[in-house]
Amino acid sequence: MTKKNADTHTNKVAMVLLILGLSTIIFPLYLTIVIAFKQPSEMTNSISGILSLPKSWSLSNFKEAMEVTDFWRSLKNSLLITLVAVGLSIIIHSLMGYALGRNKAKSKFYSFVYLFIVSGMFVPFAILMMPLAKQTAEMGLANWVGVILLYVVFYMPMNVLLYSGYLVNIPMALEEAAKVDGASTWRTYWKIIFPIMRPMHATVAVLTALSVWNDVMTPLVIMAGSGQNTLPLAQLNFQSQFGTNYNLAFASYLLALIPILIFYIICQKQILNGVVNGAVK
Amino acid sequence: MKEVMKNERKRTFLLITIPILALFICFNTIPLIRGVIYSFTNFKGFGKYNWVGFQNYIDLFSDARVGKSYWFTFKLAIVSTVVTNVLSLILALGLNSKIKAKSFFRGAYFLPNILGALVVGYIFNYFFTYILPAVAQMMGIGALSSSILSNPSAAWIGIMVVCAWQAIAMNTIIYISGLQTVPEDVYEAGGLDGATGWKQFRYLTFPLIIPFFSINMVLCVKNFLMVFDQIMALTKGGPAQSTESISYLIYNNGMSGGQFGFQSANAVVFFIVIVIVSVAQMKFSSSKEEQL
């Protein structure tokens, strides 16, 4: 695999293997697309019947799937939850990262709070889910508002760690200069520190958005009784209604995948950077 | 004047920290404590309940279904971690070598990671149920001619494949960023000493990317131990309860099976297991890094 780096030619063996390997990514997507466009009558029992291109590229499956799974409402819920959760995470977690990052070295209280929150990373959702289902119901939060609040709490350990780590690189001198001009700490934060942390905001936004968008468990446990769905939750809840009409089911799967695919195509670079930054730091 | 400003700074930090900490305690610490409290009761999820002391914990260790779920989850986590890391290392080396259309390949190979695990699971469910058996029949492979998801001793392999398919995307990207930290001249110097191919990888490349290897191990093990969506989409714990992950069992029996108290005890044990595994991994990888 590791061809000598001295030669400047294209590594042909690697190229061929990579192209072949790509089939493992493309095949499931191809399968999804062709089945989503076909009619049940085209699905003969043979492999070729399943894998051949559809006779016509009709959108009727998608139309029906949208009705069955209440697509637009689920999409709206998913977008709302993701956008608000990401926005709140950036504001709340960066503030917390700032307060803890600037004080944890010299104050016992802040270093304790920092450790307390960051160690929340080890708490699996499994232990929280039953008490949280009860608690959110008691508080009248068994809905999308509760789900958003929970995301802000769940991703706090990771994001606070990222923000306070990034803050180490921002010299105190910047803040002190503003202080001389008489600006308050609060103002200094929003005017100087918050804009400087922009690369970290991008990382946090990508990581939080991907996790929230694809999460099943939290809405499943918290929103189950609210009659509302997110996109993944709709797939789970309407699975039984598809029956053996796989064409309808796959049209619905494809619909559920399209928003994130579009997002990925547009922001691929930011997503890759965000994911790497989040993991490596 | 200076004193006033110092106080103002202190106050601002407190005003930021206290409400956010309160939010965290309200939705993380308090439910955690409540979970521990429930684990000492025979609560069904509704109605009255009594204290039962450590009875749930005693029952836990003699419960065959719980034992089976731990065995399944660890088997899945370990095998998936090994498979994922071996394949992603190979893939990362390929993607980091001198190839054309580098960014296209990297983008394409990362794609599985952004897709929702539940929908991916449904797509693979169809693949394992209809496509794979049909292909196996055509090729005359008897062992695969019926769906592996309905075979109690093989269903976990299907889940492993789906877990790995998505995790490889993530791990590869991390390995690539590791490989990019290895300076060219290390290879040049190694080349003079005759370190090429496997030797080069084993003695030069791999030691230099150990920190990235550690990150991937921690990420993989933690995520795989908490596996849930894939189970939901592929097997719902079946056949014959052979693929019930710990999270799935806690969800299924705790939320709707009337075992709120008992599964709370299971969740407490699971929490302790996760902490032990994570701390052990971090200790191990930091000692490895020090050696270098």
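Helix α5 (residues 71–103) of chain A packs against helix α9 (residues 156–167) of chain A at an angle of about 55°, and their axes are 8 Å apart. Helices here are DSSP runs (H or I, at least four residues), numbered from the N terminus, and axes are lines fitted to C-alpha atoms over the stretch in contact, with angles running from 0 to 180 degrees between N-to-C directions. α5(A) and α9(A) are therefore oblique to each other; angles under 35 degrees count as roughly parallel, over 145 as roughly antiparallel, 65 to 115 as roughly perpendicular and the rest as oblique. Their crossing is right-handed, meaning that the near helix is turned clockwise from the far one by less than a right angle. Among the residues making this contact are A:His93 and A:Tyr98 of α5(A), along with A:Asn159 and A:Tyr163 of α9(A). Sorted by class, the contact has seven nonpolar, seven polar and one charged residues. (Ala, Val, Leu, Ile, Met, Phe, Trp, Tyr, Cys and Pro count as nonpolar, Asp, Glu, Lys and Arg as charged, and the others, Gly among them, as polar.)

All of this comes from a predicted model, where local features need pLDDT of at least 70, side-chain atom pairs count only at pLDDT 80 or more, and totals for chains, interfaces and linings use all residues. Residues are numbered from 1 along each chain as its sequence is written, and chains are lettered from A and ligands numbered from 1 in the order in which they are written.

Chain A splits into domain 1 (12–58) and domain 2 (64–280), with bounds from an automatic or database domain assignment. The C-alpha centres of these two domains lie 34 Å apart. Eight residues of domain 1 touch seven of domain 2, where contact means C-beta atoms, placed from the backbone, within 7 Å.

Chain B has its own helix pair: the axes of α3 (residues 64–96) and α6 (residues 155–179) come within 6 Å and cross at roughly 40°. α3(B) passes α6(B) in a right-handed crossing, and their contact has 19 nonpolar, seven polar and one charged residues.

As for the two chains together, 71 residues from chain A and 84 residues from chain B take part in the contact. On the chain A side, the largest share, nine residues, comes from helix α7 (residues 125–138) of chain A. That side has 52 nonpolar, 16 polar and three charged residues.

Conventions
Helix = DSSP H or I, 4+ residues; strand = E, 2+ residues; numbered from the N terminus.
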